Amino acid sequence: MLQKPKSVKLRALRSPRKFGVAGRSCQEVLHKGCLRFQLPERGSRLCLYEDGTELTEDYFPSVPDNAELVLLTSGQAWQGYVSDIGRFLSAFHEPHAGLIQAAQQLLCDEQAPQRQRLLADLLHNVSQNIAAETRAEDPPWFEGLESRFQNKSGYLRYSCESRIRSYLREVSSYPSLVGAEAQEEFLRVLGSMCQKLRSVQYNGSYFDRGAKGGGRLCTPEGWFSCQGPFDMDSCLSRHSINPYSNRESRILFSTWNLDHIIEKKRTIIPTLVEAIKEQDGREVDWEYFYGLLFTSENLKLVHIVCHKKTIHKLNCDPNRIYKPQPRLKRKRPVRKR
């Protein structure tokens, strides 16, 4: 028996509720759980929600704090996330056993830990009012928003536009750093960027699930996945979110970052300023810098956890800072006849 109680999150198989329970032993947690859910203690047992491992007194001390457990009564079984998939698919008229088997295989190989977070997020949101789009169809989603927002896509477009506009404001604050002689050129470059941003509505389509495939960062249903950290092959936690599902997800999505792979303040803007100051007759390729500052060429959607883990080491491409200069054709000498 442990000297200090261990806290866990406990759920029953057929109950949507979840309770925090603390105990010094597996038996104590089981006893408290049965009282909470009003279930018979005889024949009941505990297992890990993640993979269905049944808990014993010997195994209990190694269970991490705040682990999620499932309380099973006699005759009930739990196989981890796969069981939730089965319950989800059984809601359809003809559940497909092949789909359940495929999902089980996905969660049993060496990549399973990277997929489990994505699946957990899916199952958490699947029952929400994701398909609803207007304020009339899903009033709770719009709580706390101005009345001018009448559909979800419109608000999320505005959210993305606001982020892009904030990046533009940062760039606009730099003319004084280039010196009086180069200010005119800097303002010209800035004006070209502003004009292009207005023409594409500040890339608000990135958050709009109704936009064309190449213009959005989500699925047609509104699912976003973490695209970082950039110094690793992929997001190890496999975070995903659907801000269209409910108000809580909408608010949580606002903490995700549209992050620059090549850093904005430390790299892109200083390089642009230096290029304008040192152009010496060359023309700065403002469209290259525009892509780095305001488009998905260099912007990636990142969960706040992965944002903190990201290490930025990249620099601007020196071959793309200035536009290529046309080569002068050499005149061929006239041959004497």
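Colleague: Why is Leu-177 called exposed?

Modeller: Its relative accessible area is 51%. Exposed means over 50%, so Leu-177 is exposed. Keep in mind that this is a predicted model.

Colleague: Where is the place of Leu-177?

Modeller: Leu-177 sits in the loop between α5 (152-172) and α6 (180-199).

Colleague: What does Leu-177 touch, not counting residues up to four places away in sequence?

Modeller: Leu-177 touches Val-273 and Lys-277. Contact means heavy atoms within 4.5 Å.

Colleague: How far apart are Leu-177 and Pro-270, in sequence and in space?

Modeller: In sequence, 93 residues separate them. In space, the distance is 9.5 Å, C-alpha to C-alpha.

Colleague: Is the crossing of α6 and α9 left-handed or right-handed?

Modeller: The crossing of α6 and α9 is right-handed.

Colleague: Which residues of α6 and α9 meet?

Modeller: From α6 come Val-189, Ser-192, Met-193, Lys-196 and Leu-197. From α9 come Trp-286, Glu-287, Phe-289, Tyr-290, Leu-293 and Phe-294. By class, this contact has eight nonpolar, one polar and two charged residues.

Colleague: How do you know that α9 is mostly covered?

Modeller: Buried means under 20% relative accessible area. Eight of the nine residues of α9 are buried, so α9 is mostly covered.

Colleague: Which residues of α9 are buried?

Modeller: They are Trp-286, Tyr-288, Phe-289, Tyr-290, Gly-291, Leu-292, Leu-293 and Phe-294.

Colleague: What do the buried residues of α9 pack against?

Modeller: They pack against helices α5, α6 and α8 (264-277), and against strands β7 (257-260) and β8 (299-302).

Colleague: Now the strands. How do you know that β1 and β2 pair?

Modeller: Two strands pair if there are at least two bridges between them. Six bridges join strand β1 (residues 6-12) to β2, so they pair. The two strands run antiparallel. They form a hairpin, with five residues between them.

Colleague: What is the bridge partner of Leu-10 in β2?

Modeller: Phe-19 is the bridge partner of Leu-10. Phe-19 also belongs to the covered face of β2 (residues 18-23), with Val-21 and Gly-23. The uncovered face has Lys-18, Gly-20 and Ala-22.

Key: Residues numbered from 1 in each chain as written. Predicted model: local features only at pLDDT ≥ 70, side-chain atom pairs only at ≥ 80, totals over all residues. Heavy atoms only, no water. Buried < 20%, exposed > 50% of the residue type's maximum accessible area, 1.4 Å probe, protein only. Helix = DSSP H or I, 4+ residues; strand = E, 2+ residues; numbered from the N terminus. Left-handed = near helix turned anticlockwise from the far one by under 90°. Nonpolar A, V, L, I, M, F, W, Y, C, P; charged D, E, K, R; others polar.
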